[in-house]
Amino acid sequence: MSIRAVAPAAGGVLLSGVLLLSTAPSSQAAAKDAPLPVAHRGASAYAPENTLAAVDRAHELDIDWVENDVQRTKDGELVVIHDTTLDRTTDAEEVFPDRAPWNVGDFTLEEISRLDAGGWFDKDFKGERVPTLEQYLNRLDDTGQHLLLELKSPELYPGVEAEILKQLDEKGWLDRGHVRDKLILQSFDADAVKTVHLTEPTVKTGFLGNPKVGELADYAKFADQINPQYTAVTKEYVDAVHEHNGPHGQPLETFTWTVDDAETARAMADAGVDGLISNKPDVVRDAAS
């Protein structure tokens, strides 16, 4: 499947081209019309979500794209975790029994680094940690994978958009090569997506949700993707999304979530979606290719 890419040219002019997002050889390239598989929170059916182990498992499955969630600690550090509280995916209740409701933003990075983020999933992952965004990016640099980054509950962390972009820049993820085909930032919060686009217009962005068809033109001013839950996807809706050009002059795309079974993957492919965000990315890749 080909996907539109965006890059800055000399003098700050935005260029649009067509590149393959996936670097995988032959089999995926041949199935160019198949939706792109994206590992949801890493390959989270097989390893604890949003951990480096989940990144590694996706890599072992030959999945190029991983999705994660980024939030901010009490002392201003960026960490990769989905829930706005720590209790479901760590042992925070045991380690800090008097700190309910265990909000991510109420804990320092040092405190969060003490938590076990893997034992809840399986004893084999006991001792896995909540990674920082920096650690996560380092691992993706090692594996060569690509990143669909979600700004999680940005309303809880004023200014987090600029902080995420700053760290991406410091780690080399806002250079021409990365913004062309290795990075997308998305959120359920339209204002956060707008802020990302206005702050760093070269970066590809996605809105999580399903705006009404009549609203798509407005979203296309700041979002390159419209990414709805699969239960809201119809061929008619996907076609309507594709009829609009995004801020970089290319047709809007649709990545849908969270698709974990072969039947649904095939139905979404038939509807024309561009990507399948999945806890079992290998299953949906094989079904939809």
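Strand β7 (residues 183-187) is mostly covered, with five of its five residues buried (buried: under 20% relative accessible area with a 1.4 Å probe, protein chains only). The model is predicted, so that local features need pLDDT of at least 70 and side-chain atom pairs count only at pLDDT 80 or more, whereas totals for chains, interfaces and linings use all residues. Residues are numbered from 1 along each chain as its sequence is written, and side-chain values use heavy atoms, with hydrogens and water left out. Helices (H or I, at least four residues) and strands (E, at least two) are DSSP runs numbered from the N terminus.

- Strand β6 (residues 146-151) runs parallel to β7 and is joined to it by four bridges; two strands pair if DSSP finds at least two bridges between them.
- Within this pairing, Glu150 has Gln186 in β7 as its bridge partner.
- Strand β8 (residues 204-208) also pairs with β7 in the parallel sense, over four bridges, and Ser187 stands opposite Phe207 in β8.
- From β7 the chain crosses through helix α8 (residues 190-199) to β8 in a right-handed β-α-β crossover (with the strands pointing away from the viewer, the path from the first strand over the helix to the second runs clockwise).

**Helix α5**

- Leu133, Tyr136, Leu137, Leu140 and Thr143 are buried in helix α5 (residues 133-143).
- Seen down the axis of α5, these buried residues fall within an arc of 125°, so they line one face of the helix; the arc is that of the directions from the helix axis to the C-beta atoms.
- The buried residues of α5 pack against α2 (52-60), β4 (65-72), β5 (78-80), β6 and α6 (160-170).

**Gly42**

- Gly42 lies in the loop between β3 (36-39) and α2 and is buried, with a relative accessible area of 0%.
- Leaving aside neighbours within four places in sequence, Gly42 is in contact (heavy atoms within 4.5 Å) with Ala54, Val55, Glu67, Tyr136 and Ser278.
- Gly42 and Pro281 are 239 residues apart in sequence and 9.0 Å apart in space, C-alpha to C-alpha.

**Asp282**

- Asp282 lies in helix α12 (residues 281-288).
- Asp282 is buried yet has no salt bridge (a side-chain nitrogen of Lys or Arg within 4 Å of a carboxyl oxygen of Asp or Glu).
- The nearest side chain of opposite charge to Asp282 is Arg285, 5.5 Å away; Lys and Arg count as positive and Asp and Glu as negative, with His and the chain ends not counted.
- Not counting residues up to four places away in sequence, Asp282 touches Tyr46, Leu61 and Ile63.

Conventions:
Buried means under 20% relative accessible area, exposed over 50%, partly exposed in between (1.4 Å probe, protein chains only).
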